[in-house]
Amino acid sequence: MINRRHIRVKVMQSVYAMQQSNNQDLIREEKFLKHSIQKMFDLYVLNLQLLVEVQKLARKRLELSRKKILATKEDLNPNTKFVDNRLLNLLSSSISLEGYIELNKLKYWELDEKYVKIILEQLLESNLYSKYMDTVEDSYNVDRSFVISFFREIVAPNEKIADYFEDKMISWVDDMPFVNTWILKTLNKQSPKNPFVLGNLYKDDDDKSFVSELFRKTILNHHKYENDIREKTPNWESDRIADVDMILIKMAITEFLHFASIPSRVTINEYIELAKDYSTNKSGHFVNGVLDKLAKEYLANSTMIKIGRGLL
């Protein structure tokens with residue numbers, strides 16, 4: 001499922017896009033934001049489906065080899081460890097996964113099978129594959145460990161697959177690292193005793209509403225926040241502050257003032273990390289200084305009211 005850090009990233013991107021384009025259509029941009037998050041779930045499913053399709057192609061090749069007129073002993077009695085992989089078979093037989101693919105018409109690998117072939121060929125040539133196929137132990141844990149390594153070492157870093165996804169949807173470039181981690185967690189948690197079932201995109205309704213509320217309140221109130229920011233940055237003209245830094249500070253102010261259940265320290269830490277990842281080398285320190293001053297002032301004059309555990 002998507003976590004709040006990535007929700008903040010998606011909101012940041014939408015606020016930035018809206019400001020850069022001078023777009024005033026809040027409803028339209030919010031719809032695109034939600035669409036972008038939903039498409040991230042498609043990316044997650046497509047990666048899982050790719051693993052299944054690679055196994056299917058390998059099985060198809062084995063079946064064709066058996067039907068050769070001059071089939072060798074190896075053709076007739078191949079090593080089926082990969083095509084019998086228990087974890088991949090759970091994915092392949094998942095009604096949940098297949099249903100989502102059918103409902104959303106995710107026929108990417110059917111239409112672009114060459115990418116499945118690229119991954120299979122790379123796998124077959126790898127030491128990872130040969131070592132797995134020679135492993136004497138036959139267990140679910142061995143199968144799962146192999147699939148996790150297969151995804152981490154071959155699928156996730158493949159540049160052709162990354163370029164392919166980027167061509168399909170530009171926002172997937174920023175989503176791929178998060179989705180890759182999400183997939184590894186999914187594979188690691190899958191039990192051999194249960195069928196594979198796709199989880200929910202959001203943890204709960206609070207996270208789902210957090211998307212809209214953070215976006216709307218940041219856009220609708222960002223002009224009001226500028227005076228507060230200006231007071232805490234007397235040596236900086238607003239146009240000298242990096243655009244992303246300014247957006248992140250405004251989003252954090254929105255959380256200070258409109259999300260009573262989120263501790264201010266959690267908010268500050270989250271936006272420091274986002275500034276480090278998405279802005280300049282000095283942005284983390286800058287954002288930390290501004291937000292720390294603002295949080296203290298809002299708390300002192302009761303503008304910021306927090307409830308529950310972790311008040312500060």
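Is E166 buried, partly exposed or exposed? With a relative accessibility of 34%, E166 counts as partly exposed, where buried means under 20% relative accessible area, exposed means over 50%, and partly exposed is in between (1.4 Å probe, protein chains only). Welcome to a short tour of this predicted model, in which local features need pLDDT of at least 70, side-chain atom pairs count only at pLDDT 80 or more, and totals for chains, interfaces and linings use all residues. Residues are numbered from 1 along each chain as its sequence is written, and side-chain values use heavy atoms, with hydrogens and water left out.

**Overall picture**

- The protein has 15 helices and zero strands; these are DSSP runs numbered from the N terminus, with helices being H or I of at least four residues and strands being E of at least two.
- Along the principal axes, the C-alpha atoms fill a box of roughly 85 × 40 × 35 Å.
- Of the 312 residues in the protein, 48% are buried.
- Among contacts (heavy atoms within 4.5 Å) between residues at least 6 apart in sequence, 81% join residues at least 24 apart.
- The accessible surface comes to about 17000 Å², and carbon and sulfur atoms account for 50% of it; accessible areas come from the Shrake-Rupley method with a 1.4 Å probe, and for residues only the protein chains shown count as cover.

**Charge and the surface patch**

- There are 46 positive and 45 negative side chains, and the centres of the two sets lie 3 Å apart; Lys and Arg count as positive, Asp and Glu as negative, while His and the chain ends are not counted.
- The place of a charge is taken as NZ of Lys, CZ of Arg, CG of Asp or CD of Glu.

**Salt bridges**

- A search of the whole structure finds 20 salt bridges, each a side-chain nitrogen of Lys or Arg within 4 Å of a carboxyl oxygen of Asp or Glu.
- E270 pairs with R5, their closest N and O atoms being 3.0 Å apart; this bridge links helix α14 (residues 264–278) to helix α1 (residues 4–20), across 265 residues of sequence.
- In that pair, E270 is buried at 16%, whereas R5 is partly exposed at 34%.
- D175 bridges to K10 at 3.1 Å between the closest N and O atoms, and the two come from helix α11 (residues 172–189) and helix α1, 165 residues apart; both D175 and K10 are buried.
- E30 and K34 meet at 3.4 Å, N to O; they are separated by about one helical turn because they sit four residues apart in helix α2.
- E30 is buried at 8% and K34 is partly exposed at 37%; salt bridges that share partners join E30, K34, E213, R216 and K217 into one network.

- E29 lies in helix α2 (residues 26–66) and is buried, with a relative accessible area of 10%.
- Beyond its neighbours within four places in sequence, E29 is in contact with S14, A17, M18, N23 and F215; the C-alpha atoms of E29 and A17 are separated by 8.8 Å.
- L128, in helix α8 (residues 127–134), counts as buried at 19% relative accessibility.
- Setting aside neighbours within four places in sequence, L128 is in contact with F146, S149, F150, E153 and I154.
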